[in-house]
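Please prepare a short briefing on the structure shown below.

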Amino acid sequence: MRGLRLLLCIFLILIIAACSTTKNIPEGEYLLDAINIKHDTKNATSDLESFVRQQPNGSLPLFGKVRLNIYNMAGQDTSKWITRAVRKMGQAPVIYSARSAASSATQLQKEMSNQGYLNAEVDTALRAKGKKMTVTYNIKGGTPYLIRNYTYTIEDTTMARIMKIVPLKPYLAKGDFYDMSMLEQERGRVNLIMRNGGYYNFSKEFVYFKADTTLNSHQVDLYMNIYPAKDSLPYPRLRWNKVTIVSGLNSLETPDRPQGGNRRNRKNPYFRNADTTQYNDIWIIRGQNKFLRSTSIRRNNYIKKGALYSDRALTKTYESFNQMSAIKQVNISTTPSSEDSTHLLDATILLTPANAHWFKASLDGTNSAGDIGVAPSLSYQHQNLFNGSEQLSIKLKGAYEFISGGNEDDLLNQSFYEYGIETGVTFPLFLVPFLKKSWREMPTATTRFSVGLNNQHRPEYTREFFNMTVNYGWSSNNNRLLHSVDLFDINYVRMPWVSARFDSLFLNNVNNPLLRESYKDQFISRTSYSFTLVNGRRFNPLYPTYSIRGSLEVAGVLPRLIAAMNGDSPGENGQRNIFGVAYAEYIKGHIDYARTFYFSKRHSLAYHVGLGLAHPYGNSNILPFERRFFSGGANSVRGWNTRRLGPGSYRGNNNSEDFVNQVGDMKLDISIENRHKVNSLLELAEFIDAGNIWTLKKYEAQGGGQFQFSNFYREIAVAYGAGIRFDLGFLLLRLDCGVRAYDPGLPQSDRFVLFQPRLSRMALHFGIGYPF
């Protein structure tokens with residue numbers, strides 16, 4: 001039945017695709033089948049297609065104009081509800097219009113002129129085939145106009161001085177195209193500078209340019225100036241005067257000063273006896289709930305009395321307070337001061353509290369490699385523990401998984417359950433002794449202490465996990481650079497009980513030290529640093545974006561210090577112990593670079609390169625299993641499932657325990673992906689992935705997995721495929737299908753499998769968000 005339904009769906013799609021697209025085209029008219037834009041310029045960066053007034057019906061690869069075909073299937077009798085319903089699902093045919101084509105040519109010529117091609121010409125070519133019309137716009141740009149000189153001619157001396165000393169570079173320079181979009185960006189830059197320099201009433205509409213194009217050499221002398229004020233006086237620069245913060249108000253009404261029980265105060269019971277205090281030139285109004293401490297309010301407020309007005313200060317205050325979990329809403333109003341309405345501003349900041357207590361109960365279904373399970377959890381969070389937006393979180397969790405397979409002798413095919421608790425406290429500042437106050441109270445800083453316990457019970461063993469973490473996080477460079485430091489991340493894994501059969505099959509398996517290593521008692525104490533850097537989109541939506549992510553971690557430093565202080569000597573196996581367990585020592589690093597180019601608002605090309613390297617030393621001969629690299633999956637080489645690729649030329653046997661062998665100490669990932677939006681909801685992509693993992697040492701259980709510089713390029717797996725994405729605005733759902741093109745796990749002569757597709761050489765991946 002499942003196969004029959006699939007065949008019916010395919011048959012229906014083929015019928016729709018085979019329908020005539022010109023069925024409802026009147027005699028003497030044409031269906032606008034396609035538009036083409038051809039130009040001889042190299043610098044036309046805008047999305048020229050968006051300036052074409054008449055667009056053809058939407059089309060899907062392989063299936064053609066599906067919505068138009070659905071419309072044509074509806075018939076002509078609109079009095080029937082079924083006809084109206086089908087037509088509503090489809091799309092009416094776009095009839096070619098000569099007037100729209102002429103208007104489009106005019107708009108394209110204007111856009112080319114705006115980009116610096118002042119002498120551009122647009123010719124419209126028509127090609128009719130049957131009842132279909134293809135329109136081609138041929139653009140001859142000619143010689144572009146370039147900026148020869150760019151000069152400020154500002155008459156206001158204060159503004160002129162600010163423009164000279166500000167470090168923000170102009171968007172225009174000698175040799176640039178005379179591009180109107182760049183002029184608009186420059187106006188935005190001047191507006192940004194002035195509004196951050198105290199000019200509260202300034203607008204980018206005050207900025208204008210003069211261009212001298214009479215040089216007869218396709219060059220432009222450009223002059224920027226600012227319109228004078230209406231009263232011919234210099235534009236006034238305003239400063240902050242009185243700053244009032246209403247802390248904990250549950251509506252947008254500002255409470256009156258406490259005068260008993262007036263009508264307004266009855267609407268806000270927490271403010272019936274409101275208290276007004278002055279703290280560091282800030283007037284703070286509180287109700288009975290004592291919502292936030294004065295130090296927390298002062299630390300997150302950038303509006304300072306006596307400072308020049310600044311949009312940046314206003315934005316940073318919004319962002320800083322909105323980052324506090326205790327606050328639901330922030331509202332800032334500015335009014336001219338009664339003391340001097342020409343030069344002073346008063347600011348009132350209303351802080352609306354969020355719910356302090358938060359509960360969540362959930363029951364999730366799990367699917368791990370086809371094994372079904374359930375995972376209930378109960379969470380509690382306090383979002384303002386010490387009246388400083390500190391977060392306390394407690395989570396109770398459990399899981400039960402029904403392992404497939406009916407062989408009772410197979411220890412890895414038995415149902416199991418686990419339960420545990422996680423708790424943590426997050427502080428919105430750095431809790432570090434002897435740290436400078438301005439650094440310690442950085443608004444983006446966080447300190448988190450967390451502890452977790454977990455118990456895993458299977459018929460063949462009981463495994464216990466303990467973890468404790470001290471983490472510091474902050475952002476810099478206008479929140480483009482995110483930092484995270486795990487000062488201590490301690491993980492202790494022990495197996496208090498194992499069955500005799502499991503012990504003989506796995507723990508004492510001399511032929512597979514990796515499998516034995518993954519199940520032994522472990523103590524991992526690591527210190528790590530990670531960062532993420534992303535660039536901004538500036539004013540241009542087609543500006544390329546990039547991200548750089550990296551991490552570095554070192555394990556074993558703290559246990560080695562403790563062992564050295566206690567005078568512990570290596571045991572019989574040459575390893576030092578702490579709490580009776582050998583601790584791990586290794587160093588691990590990872591770097592990933594991704595970049596996206598936008599050819600238009602609908603078409604983009606993205607690529608990324610990732611490299612990871614880890615090396616055990618001292619007390620460890622093998623990295624802990626959880627810290628090793630793996631390849632394959634939704635964010636790696638998508639022709640393989642997760643943990644099914646590598647290391648090197650090693651070929652897994654697909655047994656349930658073989659995933660332990662498909663890990664390594666080195667990782668390489670390279671991907672390129674072509675993305676094009678069909679509409680605001682649907683996006684299609686084609687991709688090519690390459691990469692693999694390797695071990696730095698030779699392990700018998702991972703034959704062919706060791707990295708060798710002279711041979712590694714022959715072991716780089718390659719896959720290709722396509723994907724479909726659903727952009728819901730707040731969430732992007734992704735479904736990718738990868739096919740193997742080069743499989744290093746096969747014999748050397750059989751690795752090129754590009755033209756030998758099979759179901760066993762394909763992988764389907766579901767993901768959330770882009771892969772990179």
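Is Gln185 buried or exposed? Gln185 is buried, with a relative accessible area of 9%; buried means under 20% relative accessible area, exposed over 50% and partly exposed in between, with a 1.4 Å probe and protein chains only. This is a predicted model, in which local features need pLDDT of at least 70, side-chain atom pairs count only at pLDDT 80 or more, and totals for chains, interfaces and linings use all residues. Residues are numbered from 1 along each chain as its sequence is written, and side-chain values use heavy atoms, with hydrogens and water left out.

**Chain**
- The chain holds 13 helices and 29 strands (DSSP runs numbered from the N terminus: helices are H or I, at least four residues; strands are E, at least two).
- Of the 772 residues in the chain, 43% are buried.
- Among contacts (heavy atoms within 4.5 Å) with a separation of 6 or more, 63% are between residues 24 or more positions apart.
- The chain has an accessible surface of about 41100 Å², and carbon and sulfur atoms contribute 56% of that (Shrake-Rupley method, 1.4 Å probe; for residues, only the protein chains shown count as cover).

**Around Gln185**
- Helix α6 (residues 180–195) contains Gln185.

**Around Tyr417**
- Tyr417 belongs to strand β15 (residues 416–427).
- Tyr417 is partly exposed, at 37% relative accessible area.
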